[in-house]
Structures are given as C-alpha cells and as structure tokens.
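Thank you for asking me to look through this structure with you. Please keep the sequence and the 3D view open while you read the points.

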Amino acid sequence: MRSNEQEGAAELDELMRGYQQADPLATASLIEAVTPLLYRYFCYRPASRHHAADLVQEVWLRIHKSRHTYRHGDPVLPWVYAIARHAEVDVYRKRRRIEMVEYQMDAVPEVASANPEMRGIPSFEALMAELPESQREVVTMLKVSGMSIEEVARATANSVGSVKQKAHRAYEKLRRLLEARVDSRETQTR
Amino acid sequence: MTCRDLDFLPLRDDLPPAAQEHLSECPACRTLHAAVQMQSFAPPKELNAQVAALILAGLKPVKPLPNRAVLTFEVLLFGGLAVAAGAWYWGTAGWAELSRGQAAVMFALLGTGVLLVCDQMTRLMVPGAKMTVQPWMAVGLSLTTLLMAVLYLFPYESDPEFFTTGLHCWLAGLICAGATAPFVLFSIRRSAGVTRVWHGAATGLVCGFAGLAMVEIACPLLERSHIVAWHMGAVLTAALTGVIASECWNEIHRRFWK
C-alpha cells in the first residue's frame with residue numbers, strides 16, 4: 001500500500017513539474033487527478049457543500065497563481081489542500097459579509113443512496129456535524145482525502161502529534177456516538 | 001492492530017490485512033468504517049472541462065521559488081546592510097560599552113532568533129510546507145530568550161531621562177527596521193500568501209531584529225529597563241506593525257481585488 005502511495009505522489013510531482021513548465025497534457029492530467037479530490041473535500045464540509053463546484057474553480061485559480069511556490073520533491077496534496085483551506089475561509093467570509101446566502105438546489109451534490117444493510121447507521125455527514133471544526137477537518141483529510149498523518153499536518157500547519165490527537169479524539173467521540181445509537185436502536189426493537 | 005492504529009490510516013479499499021482483520025473483529029470500527037464509506041460524492045461531469053478551460057487558457061511557464069537557503073541569505077544580507085548603515089549614521093558607542101560576554105550572548109541570541117524567524121518566514125511562503133517549529137513558538141522562543149538574557153546580563157539603574165533617551169532609541173530602531181522592510185518584502189514577494197498574518201509577524205520581527213541589532217551597537221546606555229522597554233519595544237512594535245499591515249493588505253485584497 002505504501003508503494004502505491006509513493007507512486008501516486010511521484011506521479012503528482014511529475015505532473016506539477018509539467019504544469020510549471022506549461023505542458024498542457026500534464027496540466028490536464030493534474031486537473032483530472034486533483035479536481036475530484038477537491039470536490040469531495042468540499043462536499044464533506046457542511047459550510048461548503050452547496051458551493052463545492054464554485055470552490056473547486058476558485059481553488060484552481062489560486063493554484064494557478066501560486067504554482068511557482070510548489071517545490072519539486074515535496075508532496076503535492078498538502079500544498080493543494082493548504083490552498084483549498086485558505087480559499088474556503090476567504091470565500092466563506094466574503095459570502096457572509098455580502099449576505100449572499102443563495103442555495104441553488106440543482107447545484108447540491110448528489111449523495112449516493114444508502115446501502116440497505118447499513119440502514120440505521122447515521123450518515124457520515126451527520127456524524128461529522130457532532131465534531132468541532134478542527135477535528136472535522138482532520139478526519140475529512142485523513143479518511144476522505146486519503147492523506148497520511150504527515151500530509152495532514154503539513155496541510156493544516158499543525159504538528160504530527162496534534163493531528164494524531166485530534167484524529168484520535170474525533171474517532172473516540174464518533175465511536176461513542178455510534179455505540180449510543182446502536183444501543184438505542186436495540187432498545188427500541190425490544 | 002488496535003482501534004487507535006486504524007484511526008491514523010486512510011480508509012481506502014486496499015486496507016492492509018491487519019486492518020481488515022481488526023475491522024472484522026471490532027464492531028465499533030466496522031460501523032464507523034461503513035458510515036464513512038456509505039456516502040460518496042461524484043463531481044459534476046462538466047467540472048473537469050470547466051477547470052481545464054479556465055487553466056489551460058492562460059498557461060505559461062513559471063520559475064519555481066529559489067530554495068530556502070537562498071531566500072534566507074538574501075534577507076540576512078539586506079538586514080546586515082541596514083544595520084551597517086544605521087551604525088554608520090548613529091555610531092558604535094554601544095558596541096564599545098558592551099563587555100565581551102554581553103556582546104557574545106546578545107548577538108548570538110539575536111543571530112539565532114533571526115535565523116529561526118527567517119526559516120519560518122521562508123517556509124510560510126509555500127502552502128503546506130513542513131513546519132519544524134510552530135510559528136508562534138519560533139516568535140515566542142526568540143523573544144523570551146532575548147528578554148531573559150537582558151534581565152540577566154544588564155543591571156537596573158534609575159534613569160530620570162528614561163522617556164527622552166528611550167524614545168530616541170525606539171525611533172532609531174524603528175527607522176532601521178523600516179529601512180529593512182522593503183528589501184525583505186522584495187525577497188518574499190513571490191510568496192503564496194496563505195498565512196499572511198504569521199508572514200506579517202515574521203517579516204516585522206526580522207526587520208525588528210535588524211533594528212535591535214543596530215540599537216545595541218549604537219546605544220551606550222546599558223540599563224535593563226531601558227533595553228527591555230525601548231530596544232526590545234522597537235522589535236515588538238515592528239512585529240505588531242507587520243501583523244496590522246498584513247491584515248490591512250488581506251482586507252484590501254479581499255474587498256477590491258476579487
């Protein structure tokens with residue numbers, strides 16, 4: 001698994017190099033690889049879900065402006081997610097300031113239908129809503145974006161220890177919540 | 001594998017056998033894993049094409065940032081030149097008054113502080129860079145050690161002209177810091193600017209340290225309260241100015257340029 005991750009990271013590094021040298025093929029491949037990750041990341045964030053597509057475009061504009069700051073050999077994903085976090089905060093503040101709270105129903109991302117075997121388990125989004133923002137962010141990057149602890153630490157400008165602590169606390173809380181819900185369901189069926 | 005080990009693994013389909021075994025044995029982890037995997041978001045089909053059209057239209061080659069050592073050297077060079085110019089203008093009476101021990105400790109700590117903060121500043125230029133020390137820790141550590149050294153090395157004496165002499169030193173320190181600032185900003189002009197407040201604080205602090213070094217060389221008044229309030233006060237003022245300037249820049253950028 002580790003070698004797959006390393007291969008993926010090396011491939012992204014090569015694509016970034018091509019992007020910096022204005023290679024259209026490498027750039028198109030990079031867009032294809034990164035866009036779904038960014039979209040999923042924003043969809044898992046309650047404040048950003050309704051604007052995920054717009055946010056992805058905004059992040060790409062910022063990536064384009066800052067592409068010279070990427071250093072070869074560094075992991076690409078923490079670089080991308082650090083820009084994404086910053087863009088998200090900026091866009092959120094701007095939206096709040098101008099009070100433009102329009103939710104377009106056709107822009108709401110589709111949610112995959114629940115597996116019938118999993119009925120009764122709360123959705124991941126509902127579970128995440130129970131967590132504080134900092135823990136939610138770490139869990140999203142770790143579990144949804146598939147980044148390693150070190151990569152999450154880079155993207156969030158935290159220490160590895162702090163990320164581990166946040167992830168552990170978040171999962172302890174999620175486990176407790178799930179256990180409580182399963183217990184209450186069992187009591188109801190009796 | 002324990003629940004804690006699984007917490008730190010990305011949940012992918014190709015989980016290692018130990019993780020899969022743990023999932024089969026632990027109901028809590030299994031339920032959680034299922035909840036994470038239950039929801040998936042598919043991006044709209046046209047999104048990739050829209051992004052590609054946006055990016056490929058203005059695609060030009062760019063020169064990557066130079067490495068951190070080059071940037072640090074540039075900043076140190078500009079800072080050193082500002083200190084030399086200040087010492088030429090205000091004189092070197094302070095350097096003559098300092099004992100060897102005082103000079104060695106003060107300038108060693110100043111040098112270490114400048115290197116530490118420069119390192120932070122150049123790391124902050126790149127989004128998602130590996131931070132060996134947290135920025136607040138670097139700022140706090142460099143200022144605290146300097147403060148401790150001043151309190152230990154210099155005696156306290158009552159000074160009736162505390163404010164008049166002090167204000168002169170504070171202004172001289174700030175002028176030197178202000179003269180360093182445009183050059184430091186030139187060195188870091190290609191920063192991505194995702195952590196502008198810390199960047200402002202670090203830039204202000206580096207410039208403030210240049211001011212402090214110059215005042216230590218120029219000011220012959222080696223008294224504890226004078227150095228803490230006015231010499232180090234110039235460093236704090238410069239750092240604060242950096243933070244305020246970066247916040248203002250952020251706000252202007254947000255309001256008018258987007």
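Predicted model: local features only at pLDDT ≥ 70, side-chain atom pairs only at ≥ 80, totals over all residues.

1. Taken as a whole, the model scores ipTM 0.81 and pTM 0.82. Chain B has an average pLDDT of 88, and 95% of its residues score at least 70. Within chain B, the lowest mean pLDDT among the elements, 72, belongs to helix 3 (residues 27-38) of chain B, whereas the highest, 95, belongs to helix 6 (residues 93-97) of chain B.

2. The next point concerns the interface. The size of an interface is often given as the accessible area lost when the parts come together. Here chain A and chain B bury about 6,100 Å² between them, and 63% of that area is on carbon and sulfur atoms. On the chain A side, the residues that lose the most area to chain B are A:H68, A:R71 and A:K143, which together account for 12% of what that side buries. The contact involves 73 residues from chain A and 62 residues from chain B, yet the count of salt bridges between chain A and chain B is zero.

3. Turning to the aromatic rings, a search of the whole structure finds 10 aromatic pairs over all chains. In one of them, the rings of A:Y19 and A:W60 have centres 6.3 Å apart and planes at 70 degrees, and because an angle over 60 degrees counts as edge-to-face, the pair is given that name. The two partners come from distant parts of the chain, since A:Y19 lies in helix 1 (residues 2-20) of chain A and A:W60 in helix 3 (residues 52-65) of chain A, 41 residues apart. Both A:Y19 and A:W60 are buried. Elsewhere, A:Y41, A:F42 and A:Y81 form one aromatic cluster.

4. The charged end of A:R67 sits over the ring of A:Y19, at 5.6 Å from its centre, and in chain B the charged end of B:R189 sits over the ring of B:F186, at 4.1 Å from its centre.

5. Leaving aside neighbours within four places in sequence, B:R123 is in contact with B:R68, B:A129, B:K130, B:M131 and B:T132.

Note on methods
Residues numbered from 1 in each chain as written. Chains lettered and ligands numbered in written order. Heavy atoms only, no water. Phe/Tyr/Trp six-rings, centres within 6.5 Å; stacked < 30°, edge-to-face > 60°. Helix = DSSP H or I, 4+ residues; strand = E, 2+ residues; numbered from the N terminus. Buried < 20%, exposed > 50% of the residue type's maximum accessible area, 1.4 Å probe, protein only. Lys NZ or Arg CZ within 6 Å of the ring centre and 35° of its normal. pLDDT = per-residue confidence, 0-100. Contact = heavy atoms within 4.5 Å. Buried area = accessible area lost by both parts, 1.4 Å probe. Salt bridge = Lys/Arg side-chain N within 4 Å of Asp/Glu carboxyl O.
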